[in-house]
Amino acid sequence: MYASHLANLHRQTNIQEPRHLEGSIAKVPVGMMIRQGFQVVRGLHRHGMKWSGLAGRQPINRVPVSQSMGVGVRVLTMSSWPFSSPPRDYSLPNDSWSPEMRNLYDHYNALCEVEEEGQKKRGPWRRLPSYNRTLKYATGGQCLSKVLQAKARLFTRNTEEPGASFEYVVFLNKQEKSCVCIFQAGHLLEGPPGHVHGGAIATIIDSVTGTIATYLAGPVMTANLNINYRSPISLGSVVLVRSALEKTEGRKTLISCQVTSADGARLHTEATGLFVAINVGHLFGT
Ligand SMILES: CCCCCCCCCCCCCC(=O)SCCNC(=O)CCNC(=O)[C@H](O)C(C)(C)COP(=O)(O)OP(=O)(O)OC[C@H]1O[C@@H](n2cnc3c(N)ncnc32)[C@H](O)[C@@H]1OP(=O)(O)O
């Protein structure tokens, strides 16, 4: 099932279906799987589709049976991979969103489509879907137990209660190499009374700068975050997290970031993030 689903994705995204995925049980070198995963996701995004192979609420990952195959090559043996539950896209509006958040969402969403000569076309902005796992099979390192694998959730998307922690949506402008995140900070993110915890602010900054760095440079890891907190953010308020590419230098991508009030009048936080491109084997210690 997994093999045929991935084969379908490969067809949809113009990525060649690798021969080793034929059949219901696939044996795939780890690095190749993850590289292909990123290619698939990139391809899907290029085609305006979302990745339905991300884990939703159900702990359904059955990937991590690792074994050795020849010198220095590790493979994962996969059993079938059920796709019965569609994943929740956390970037879509829900009832917890304030009218201000909803208005900003509508504003940027409208910029995702432009009308030219009576035809609707893709605009400069794109809403990035958001799920509570990264690529399922990118987590198949030997160090993770099956239980941990099944339970792992993206830090910013680990609460099911709408509005409780990180409510956010990211819009990317690839031409300008920039993005804007509309962020509503929930009650679980309290630091100083009535205000957002500095670590939560760092988290959303890392996520937004990391997301744009990933889109521009492929798989990266945060090497350095430099944050100046200028004014506190009230719990429940909506802020804009704007990020843009500053420069790239070899494997390094430097991203700048400002967190402001929704109307842009008040600066809350300024930051830079340095991201280093990694070979995905880095995550497996190879
Ligand atoms: C696909 C679509 C999905 C998109 C959604 C994604 C959403 C996800 C969003 C979530 C996002 C969350 C993201 C997270 O939370 S990532 C989790 C937090 N980050 C980490 O755990 C990273 C840990 N560190 C490392 O793994 C390594 O140190 C890395 C990989 C960073 C570099 O080790 P590596 O051995 O590979 O490289 P290198 O040491 O040869 O260095 C290479 C170059 O970099 C320069 N350098 C290195 N470090 C620093 C430093 N601290 N300041 C200044 N410079 C530094 C270095 O001088 C050199 O420069 P040069 O000599 O070449 O000029």
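Helices (H or I, at least four residues) and strands (E, at least two) are DSSP runs, numbered from the N terminus. A residue is buried if 20 or more other C-beta atoms lie within 10 Å of its own, exposed if 12 or fewer, and partly exposed in between, with C-beta atoms placed from the backbone. The model is a predicted one: local features need pLDDT of at least 70, side-chain atom pairs count only at pLDDT 80 or more, and totals for chains, interfaces and linings use all residues. Residues are numbered from 1 along each chain as its sequence is written.

Helix α3 spans residues 99–110 and has 12 residues. From first C-alpha to last it reaches 16 Å, close to the 16 Å expected at 1.5 Å a residue; the expected span is 1.5 Å times one less than the number of residues. The buried residues of α3 are M101, L104 and Y108. They cover an arc of only 65 degrees around the axis, which puts them on the same side of α3. The arc is that of the directions from the helix axis to the C-beta atoms. P99, D106 and A110 are exposed on the other side of α3.

Two strands pair if DSSP finds at least two bridges between them. Contact requires that the C-beta atoms of two residues, placed from the backbone, lie within 7 Å.

W125 stands opposite N173 in β7. Seven of the eight residues of β7 are buried, so β7 is largely enclosed by the rest of the structure. β7 and β8 pair in the antiparallel sense over eight bridges, and Y168 stands opposite F183 in β8. Strands β11 (residues 252–261) and β12 (residues 267–277) are joined by nine bridges, again antiparallel. Here Q258 stands opposite E270 in β12.

Two hairpins carry a positive phi in the turn. Most residues other than glycine have a negative phi. β7 and β8 form a hairpin with four residues between them, and K177 in the turn has a positive phi of about 50 degrees. With 16 C-beta neighbours inside 10 Å, K177 counts as partly exposed. The other hairpin joins β4 and β5, with two residues between the strands. β4 (residues 113–116) and β5 (residues 119–122) pair in the antiparallel sense over four bridges. The bridge partner of V114 is K121 in β5. E117, in the loop between β4 and β5, has a positive phi of about 50 degrees although it is not a glycine. E117 is exposed, with 5 other C-beta atoms within 10 Å.

A further loop, between β6 and α4 (146–151), holds R133. R133 is partly exposed, with 19 other C-beta atoms within 10 Å. The C-alpha atoms of R133 and P87 are separated by 9.4 Å, although these residues are 46 residues apart along the chain.

The shell around the ligand has 18 residues, of which G210, M221, A223, N224 and V276 come nearest. A residue is near a molecule or strand if its C-beta atom, placed from the backbone, lies within 6 Å of it. The elements giving two or more residues to this shell are α2 (30–46), α5, β9 and β12. α5 provides the largest share, five residues.

Overall, the protein has five helices and 12 strands. Of its 286 residues, 27% count as buried. Among contacts with a separation of 6 or more, 65% link residues 24 or more positions apart.
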